[in-house]
Amino acid sequence: MKAIRLSLTLAAATTLMLAAAQPAVAAQDPTGGKQTTYPGIPSSSLEKFGGEAGVAVWVDDLFYYILADNRINQIFLTHGKVKRQIALNKELEQMVLGGPVTYEGASMSAAHSDMGITLTQFNAVVEDAYLACDLARTPYTVCNQLIAALAPFERSIVTR
Amino acid sequence: MNRRNKIGAGVGRQLAVLAALLAVSGTASAGLYNDGKVLATGGVSMTDGAGGGGITPWATITGYETRDGINADLHYTYVHLPNYDLNSGGIAIGFFDRVELSYTNDSLPTGNTYDTVGLLTTTVNNLLTVGSTPANTLNTGIEPFNTTVRMNVFGAKIRLFGEAIYDSDNLIPQVAIGGFYKINNNKLLLKTLGADKSKDFEAYVSVTKIFFPLSTLINLTGRYTSANQTGLVGFGGPDGNHRSFRFEGSIAYLLNKGTAIGAEYQMHSDKLHNVNLNILGLTANTGNALLDPILNTVTGSTLRQRESDWRDAFIAFFPSKNLSITMAYAMLGNIVLSPHQDGYYISLQASF
């Protein structure tokens, strides 16, 4: 009994220590450059994606799947300006992979602040992103370079 | 007859627990049901019932729910070893990708491992019963044939912090703590084997991170436990029930969005290492000139127990969010009296 009590105390203390050590992660926004990841995105990633033209095809494919996805397409359609969203995404995706492109849109948090996006909806876009890679015949390992570069935006896009 | 009734009651109880859990998840499906995690990121079910790999609990919460809802899974695992078959079935529920509750029933038919010992004790019992009261007979917990070990495992896990998936721009992992309460129903057998306790808890800390640029997941776990063979051979040994932290690790490489391959390692107990089976109140290798040759002859081997660290190599398929199939080659080494317990592992998980 004594051992159980001691163990519970230990467990509680460990929990508190770990909770105290919990780091405050700042919201991630495009800062006009390649996304920092661990380990880093290889310099060959953009080339393996097919360069500017390859990224453009992938973004078109992504929006093909998004607009066909009944879980999320209304959000994109209601928000409007789908053509502008596609153009901005072509800039953003090249930039986070290290391409010489400047993203000219609003910050991720500003662009999504009033939309009430859930993590479930965010993940639906991730699933469509993988489908777009399949459609563009982008290898899974290369696709994951872009997934790694975009994943941190979850903190600024998902507000619910 | 009595025994059969007892087993029947046990199964009945388990079904009642299952029904209650299903009812909970049924109520939850009205609005709270969620399957928003990306395919494969819910992990699979480990043999203790928690979300994780095959033998190691991960910091991920089981099921396909995000922070927006609840999801559950049923799992069944079968491990075929030269001398044993492990059947592990149960249910786990993930709440808001934060808390996980699980229940698993492990059943381990031991094949012919104890048959000779079981026959011997039965024979001795028959001899003793002649002209003696039944109270003087031996009970080793070993049946004449195919002694089966049964264990109930209740588990809980809470995710403390970290995002294994989304925080690819920092090195902070997802961290969870959890625990199991394990009740082994073969008290007498465990006494014969020298274990200190038949029921005990385990606590663990798991740290999980996905490195997307490498398509690789790494999990490290420290488990505070005194279990022998995950509790199937009880807890602690002749020196008592001293728990300590043991290391476990998993590495998984994602081949595509629905397939992962990997390997696991789990440090095991030395509490019963080199401890002899305790039969007839004597250990078999104590130099008793009369008993040792008999026992060693009938068993054809020494009655000295051994335990090895567990390792496995696996491939997991995720054909849909409702089903995963894991196949593994499990290298479990020495189990009690039997060496080279390496064999195949298959696990099915149905999520809903």
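This report describes the nonpolar core and the salt bridges of a predicted model.

Local features need pLDDT of at least 70, side-chain atom pairs count only at pLDDT 80 or more, and totals for chains, interfaces and linings use all residues. Residues are numbered from 1 along each chain as its sequence is written, chains are lettered from A in the order in which they are written, and side-chain values use heavy atoms, without hydrogens and water.

A nonpolar core is a set of buried Ala, Val, Leu, Ile, Met, Phe, Trp, Tyr and Cys residues joined through side-chain atoms within 4.5 Å. Buried means under 20% relative accessible area, exposed over 50%, and partly exposed in between (1.4 Å probe, protein chains only). The largest nonpolar core has 90 residues, and those that touch the most other members include A:Val96 and B:Val336.

A salt bridge is a side-chain nitrogen of Lys or Arg within 4 Å of a carboxyl oxygen of Asp or Glu. By this rule there are 20 salt bridges over all chains. Three of them are listed here.

| Salt bridge | N to O distance |
|---|---|
| B:Lys257 and A:Asp134 | 2.9 Å |
| B:Arg223 and B:Asp48 | 2.9 Å |
| B:Asp200 and B:Arg243 | 2.9 Å |

B:Lys257 is in chain B and A:Asp134 in chain A, so this pair joins two chains. B:Lys257 is partly exposed at 26% relative accessible area, and A:Asp134 is partly exposed at 41%.

B:Arg223 is buried at 3%, and B:Asp48 is buried at 1%.

B:Asp200 is buried at 2%, as is B:Arg243 at 13%.

Key
Helix = DSSP H or I, 4+ residues; strand = E, 2+ residues; numbered from the N terminus.
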